[in-house]
Amino acid sequence: LTGRHLTPKERDIEREYQEPIAVVIRGFAELGYSKSDVAGILGYSKQDFLRRVLPRHDEHGEIRWSAKGEGRAQKEQKAAGSG
């Protein structure tokens, strides 16, 4: 979809990261962030990200995500709280 029919927010994300939004999403997933984490990082509600954004940019479900509750942000919060 990059360059075609992107929302203004998606174009802003691509400008900020200088990558297609699908690459940005995949990159965060590869770093261990959960869908919820990525939604927040990119400025979406979890619901909007799951229902609208993700289906447009990962239509075949090829992105590998961390197990629920095991996202990088949750791990970082646990580590910060256990010190």
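F49 is buried, with a relative accessible area of 0%; buried means under 20% relative accessible area, exposed means over 50%, and partly exposed lies in between, with a 1.4 Å probe and protein chains only. F49 sits in helix 4, residues 46-57. The model is predicted, so local features need pLDDT of at least 70, side-chain atom pairs count only at pLDDT 80 or more, and totals for chains, interfaces and linings use all residues. Residues are numbered from 1 along each chain as its sequence is written, and side-chain values use heavy atoms, with hydrogens and water left out.

**The protein as a whole**

- The protein has five helices and zero strands; helices (H or I, at least four residues) and strands (E, at least two) are DSSP runs, numbered from the N terminus.
- Along the sequence, the pattern reads α-α-α-α-α.
- The protein has 83 residues, of which 30% count as buried.
- Its accessible surface is about 5,500 Å², and carbon and sulfur atoms account for 48% of that; such areas come from the Shrake-Rupley method with a 1.4 Å probe, and for residues only the protein chains shown count as cover.
- Of the contacts between residues at least 6 apart in sequence, 60% join residues at least 24 apart; contact means heavy atoms within 4.5 Å.

**Around F49**

- Leaving aside neighbours within four places in sequence, F49 is in contact with I25, K35, V38, A39, L42, Y44, L54, P55 and W65.
- F49 and K35 lie 14 residues apart in sequence, and their C-alpha atoms are 8.0 Å apart in space.

**Helix 3 and helix 4**

- Two packed helices are described by the angle between their axes and the distance between the axes.
- Helix 3 and helix 4 pack at about 95°, with axes 9 Å apart; axes are lines fitted to C-alpha atoms, for helices over the stretch in contact, and angles run from 0 to 180 degrees between N-to-C directions.
- This angle makes helix 3 roughly perpendicular to helix 4; angles under 35 degrees count as roughly parallel, over 145 as roughly antiparallel, 65 to 115 as roughly perpendicular, and the rest as oblique.
- K35, S36, V38, A39 and L42 of helix 3 make the contact with K46, F49, L50 and L54 of helix 4.
- By class, this contact of helix 3 with helix 4 has six nonpolar, one polar and two charged residues; Ala, Val, Leu, Ile, Met, Phe, Trp, Tyr, Cys and Pro count as nonpolar, Asp, Glu, Lys and Arg as charged, and the others, Gly among them, as polar.
- The buried residues of helix 3 are D37, V38, A39 and L42.
- Just after helix 3, G43 has a positive phi of about 85°.

**Helix 2 and helix 3**

- The axes of helix 2 (residues 21-30) and helix 3 (residues 35-42) come within 10 Å and cross at roughly 130°.
- That makes helix 2 oblique to helix 3.
- Their crossing is right-handed; a crossing is left-handed if the near helix is turned anticlockwise from the far one by less than a right angle, and right-handed if clockwise.
- V24, I25 and F28 of helix 2 make this contact with V38, I41 and L42 of helix 3.
- The contact of helix 2 with helix 3 has six nonpolar, no polar and no charged residues.

**Helix 1 and helix 2**

- The axes of helix 1 and helix 2 come within 9 Å and cross at roughly 65°.
- Helix 1 is therefore roughly perpendicular to helix 2.
- Helix 1 passes helix 2 in a left-handed crossing.
- From helix 1, E10, I13, E14 and Y17 meet I21, V24 and F28 in helix 2.
- The residues of this contact divide into five nonpolar, no polar and two charged.

**Residues in the loops**

- Q18 lies in the loop between helix 1 (8-17) and helix 2, and its relative accessibility of 67% counts as exposed.
- Phi of Q18 is near 55°, a positive value in a residue other than glycine.
- Y33, in the loop between helix 2 and helix 3, is buried at a relative accessible area of 14%.
- Y33 and W65 are 32 residues apart along the chain, with 7.3 Å between their C-alpha atoms.
- R64 belongs to the loop between helix 4 and helix 5 (72-81) and counts as exposed, at 73% relative accessibility.
- R64 and G32 are 32 residues apart in sequence and 9.2 Å apart in space, C-alpha to C-alpha.
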